[in-house]
Amino acid sequence: MTNNGIQVNKINEKTKKSFVVRLITALAIIVVGVPCLVLGDWFFFSLIAIVSVFATYEFIHVLHKKKHPKWIDVLTFVMTISFIYWLPFKGILVNLFSSSTSPGVIVDGLGISTAGFNITNGIFSMTDIGVSTLGFAVLAFGLFLGSMLTSSFDVSDVCYYFTMSLFLSLSVQSFYFLRYSPNALADAYNGNKYLSVFLFLYVVVGSFGSDIGAYIIGILFGKHKVNPRISPNKTWEGFFGGVIISFVLSFVLGMCLCGNGIPLLDGILDLNHWYLILLFSLIMPIVSVLGDFIFSTIKRYYNIKDFSKALPGHGGILDRIDSLLVTSLTVTIFILSINLALQIISNI
């Protein structure tokens with residue numbers, strides 16, 4: 001019993017061993033991920049491409065025991081990857097058919113545009129996210145056709161594949177958006193393109209800060225379960241501890257950067273809009289927990305412990321980035337909405 005009357009949980013050997021394994025894996029992820037994040041451009045693009053392939057495979061692999069026709073899985077995999085890279089593909093088409101590199105250019109009446117993704121002099125920039133509506137129509141038709149042709153792939157599976165494909169494609173695009181969107185405002189960093197890394201880093205701190213804080217506080221002080229049916233190990237103590245730790249870390253990081261002339265996103269998340277940094281820092285840990293619960297619900301429904309065993313101590317790729325997917329997409333939607341509102345106001 002401590003002096004203030006707060007009892008610390010006893011840590012058993014299994015928990016200690018699990019923590020060590022998780023820590024070693026996390027350090028390995030940092031060693032690989034941080035250089036790619038800082039260097040950006042093709043390095044970050046390639047890293048997220050690898051993550052995308054594994055994450056797509058993992059959500060499809062959930063249904064492997066149902067023994068449905070493989071063409072359904074192949075269709076879902078191919079279409080999901082194509083959705084993620086739809087904007088870069090459109091940008092490549094523009095560069096092939098036009099000498100113009102301006103966003104939104106119309107080429108020969110085909111309606112092909114860069115749609116907010118550009119590569120200029122090897123530097124990636126992104127100002128929007130989006131998916132192919134025609135592609136989603138093809139996926140929906142294919143999945144429903146599969147459910148009609150085989151009894152081992154029912155409507156609930158159709159909804160799962162379709163929803164995960166849409167969610168994962170937009171969320172992975174939000175990774176790219178958060179890393180590349182500051183490049184469109186390079187003047188804010190006095191020509192130093194590496195300073196554009198901090199918007200994505202800010203979101204990573206907000207998401208993983210909540211995960212790590214909740215994990216540690218939950219181990220040490222957790223007693224009251226949040227929702228044992230979905231996630232038996234999560235406690236209210238861990239939840240509030242994670243929210244507080246995430247909020248403090250992300251808000252301090254954002255304000256320190258902006259205070260030293262490095263805006264997270266010039267015109268939206270900068271010193272003049274400190275209240276938005278405050279708001280985002282509060283929202284991120286909450287939606288991070290929501291993301292964790294969403295994926296836990298999927299695992300409970302399909303009766304699996306982890307999406308895979310790719311990362312020792314963490315499970316699969318999706319088990320590690322579940323909260324970051326939801327957090328990144330939420331922040332991206334907020335940024336795009338605020339930017340649209342500012343444009344409307346400026347035109348009034």
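Start by selecting Phe 124: in this predicted model, Phe 124 has 0% relative accessibility, so it counts as buried. Phe 45 belongs to helix 2 and Phe 124 to strand 2 (residues 123-126), so color by sequence position and you'll see distant parts of the chain linked, 79 residues apart. Phe 45 is buried as well, because its 14% relative accessibility is under the 20% cut-off.

Which residues do ring pairs link into a cluster? Besides Phe 45 and Phe 124, take Trp 42, Phe 44, Tyr 85, Phe 117, Phe 175, Tyr 176, Tyr 180 and Phe 200. A search of the whole structure turns up 32 aromatic pairs.

Next, zoom out to a cartoon view. The protein chain has ten helices and four strands, and along the sequence they run α-α-α-α-β-β-α-α-α-β-β-α-α-α. Of its 348 residues, 47% count as buried.

Time for the interior. Nonpolar side chains tend to be buried together in soluble globular proteins. Here the largest nonpolar core has 73 residues, and the members that touch the most others are Tyr 160, Tyr 161, Tyr 176, Leu 264, Leu 269, Leu 325 and Ile 335. Helix 6 (residues 155-180) supplies the largest share of this core, 13 residues. There's also a second, separate core of five residues, including Phe 239, Val 243, Val 289 and Phe 293.

Pick Leu 325 and show its surroundings. Leaving out residues up to four places away in sequence, Leu 325 touches Phe 167, Leu 168, Ser 171, Val 172, Phe 175, Phe 295 and Leu 318.

Now select residues 317-347, which make up helix 10. Where is the kink in helix 10 centred? Go to Ser 323: the bend there is about 35°.

Hop over to Ser 231, in strand 4 (residues 231-235). Is Ser 231 buried or exposed? With 6% relative accessibility, it counts as buried. Show side chains and you'll find a polar contact of 3.1 Å between those of Ser 231 and Lys 234. Setting aside residues up to four places away in sequence, Ser 231 touches Phe 293 and Ser 296. You've already met Phe 293 as a member of the second core.

Most residues other than glycine have a negative phi. Select Lys 67, though, and phi is positive, near 55°. Lys 67 lies in the loop between helix 2 (41-61) and helix 3 (70-84); its relative accessible area is 70%, so Lys 67 is exposed. Then jump to Asn 303, where phi is also positive and near 55°. Asn 303 sits in the loop between helix 9 (274-301) and helix 10, and at 69% relative accessibility Asn 303 counts as exposed.

Definitions and conventions
Residues are numbered from 1 along each chain as its sequence is written. This is a predicted model: local features need pLDDT of at least 70, side-chain atom pairs count only at pLDDT 80 or more; totals for chains, interfaces and linings use all residues. Side-chain values use heavy atoms; hydrogens and water are left out. Helices (H or I, at least four residues) and strands (E, at least two) are DSSP runs, numbered from the N terminus. The expected span of a helix is 1.5 Å times one less than its number of residues. The bend at a residue is the angle between axes fitted to the seven residues ending there and the seven starting there. Buried means under 20% relative accessible area, exposed over 50%, partly exposed in between (1.4 Å probe, protein chains only). A polar contact is a pair of N or O atoms within 3.5 Å; within protein, one must be able to donate a hydrogen and the other to accept it, and residues adjacent in sequence count only if both atoms are side-chain atoms. Contact means heavy atoms within 4.5 Å. A nonpolar core is a set of buried Ala, Val, Leu, Ile, Met, Phe, Trp, Tyr and Cys residues joined through side-chain atoms within 4.5 Å. Rings of Phe, Tyr and Trp (its six-membered ring) pair if their centres lie within 6.5 Å; planes under 30 degrees apart count as stacked, over 60 as edge-to-face and the rest as tilted.
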